[in-house]
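Please read the points below beside the sequence and the model, taking each in turn.

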Amino acid sequence: MAQAAAVAKPPAPPRRRRASATPRRLPYLLIAPAALLMLGFIAYPVLSVFYYSLQEYNPTKPWRNGFTGFDNFVHAFTEDPLFWDTLVFSAKWVFVEVGLQLLFGLALALIVNQTFVGRALGRALVFSPWAVSGVLTSAIWVLLYNSQTGITRYLADVGIGSYGTSWLSDTSTVFPAAIVADLWRGVPFFAILILADLQSVSKDLYEAAEVDGASRIKQFWHITLPHLKDAIVLSTLLRAVWEFNNVDLLYTLTGGGPAGETTTLPLYIATISVDAHNFGYASALTTVAFVILLFCSMVYLRLSKFGGEDK
């Protein structure tokens, strides 16, 4: 018996089943159709713009269509003064709009973050302009700036200004008027994002600062602002890109006028492509705008150290 037990082999351990690769690939397989559709809807327009930027393409003059190389870009930088004028105005528009929207949005977020009677209603009123579409916003401000039934009529009734004045047709007032119209819709965007980040700040930090004798200004400078850094950087970057590409509001309010005073680069591109049917040159300008936005975004994120810790 002992010899038989010694000769007997121990039972073999159960064989481990090889893990199937299908469960690990299943999530990627499920999202593959949507990813391919998104890639097609995004990649094809971008690549087609790059392609047509090297072409002379005008459907109304098919005999002139063909490959031109970098002639469209050379024309933009050396022969088209409107390109530089619209680019300078676009930079001015973005700088003023984003700066003012950030300032007023931060102030509104700090106000509605406080506890007061009717805070819920106050927040709803503050954030409601952001829910209005761009076209509807433009229509509202066109009516408000109407020289017969708008603000200037009521100001003239009380002795301020004269009847028939149109702020949108005067080169000295059209820029501030357009700025105010876009501020009404843009400020809530900053207020929403900043308020959401404000509510995550621990109250213990403020209590500890009060114990140490820190004033409200010091608390804001050393606690609130550092905590809001990433939210401010992200919101200003997103809003800068959107304001640079702003077409609907300026087109509806001023059409780029008077005398081209409010023509941004995207609005100029839209005019060239839609009115002049010069899609090749418009594609070249679009490519230039894309490179400018990409470069400025990378530099801004680099300088702001987005997502990193301040030393």
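1. In this note, contact means heavy atoms within 4.5 Å, and helices are DSSP runs (H or I, at least four residues) numbered from the N terminus. This is a predicted model, in which local features need pLDDT of at least 70 and side-chain atom pairs count only at pLDDT 80 or more, while totals for chains, interfaces and linings use all residues. Residues are numbered from 1 along each chain as its sequence is written, and side-chain values use heavy atoms, with hydrogens and water left out.

2. Please look at helix 10 and helix 13, where K229, I232, V233, T236, L237, V241 and F244 of helix 10 meet A289, L293, S297, Y300, L301 and S304 of helix 13. This contact divides into nine nonpolar, three polar and one charged residue, where Ala, Val, Leu, Ile, Met, Phe, Trp, Tyr, Cys and Pro count as nonpolar, Asp, Glu, Lys and Arg as charged, and the others, Gly among them, as polar.

3. The two helices pack at an angle of about 170°, with their axes 11 Å apart, and this makes helix 10 roughly antiparallel to helix 13. Axes are lines fitted to C-alpha atoms, for helices over the stretch in contact, and angles run from 0 to 180 degrees between N-to-C directions; those over 145 count as roughly antiparallel, under 35 as roughly parallel, 65 to 115 as roughly perpendicular and the rest as oblique.

4. Helix 12 (265–275) also packs on helix 13, and their axes come within 8 Å and cross at roughly 165°, so these two helices are roughly antiparallel to each other. Here L265, Y268, I269, I272 and S273 in helix 12 meet F279, Y281, A282, L285, T286 and A289 in helix 13, a contact with nine nonpolar, two polar and no charged residues.

5. How do helix 3 (residues 71–78) and helix 13 (residues 279–304) cross, and at roughly what angle? Their axes come within 9 Å and cross at roughly 70°, and the two helices are therefore roughly perpendicular to each other. In this contact N72, F73, H75, A76 and F77 of helix 3 meet G280, Y281, A284, L285, T287 and V288 of helix 13, and by class there are seven nonpolar, four polar and no charged residues.

6. The largest pocket holds about 660 Å³ of space. A pocket, on a 1 Å grid over the protein atoms alone, is an open set of points where a 1.4 Å probe fits, with protein on both sides within 12 Å along at least five of seven lines, and lining residues have an atom within 4 Å of a point; grid points are joined across faces, edges and corners, and a volume is the space filled by probe spheres set on the points. The lining has 17 residues, of which N113, Q114, K203, Y206 and T224 lie nearest the centre, and it divides into five nonpolar, six polar and six charged.

7. The second largest pocket has a volume of about 450 Å³, and of the 18 residues that line it, V94, T236, A240, C296 and Y300 are the closest to its centre. Helix 4 gives the most to this lining, with eight residues, and by class the lining has 14 nonpolar, four polar and no charged residues.

8. Finally, please check the loop between helix 11 (248–253) and helix 12, where P258 is found. A cis peptide bond, with omega about -5°, joins G257 and P258, and A259 has a positive phi of about 55° although it is not a glycine. Most residues other than glycine have a negative phi, and most peptide bonds are trans.
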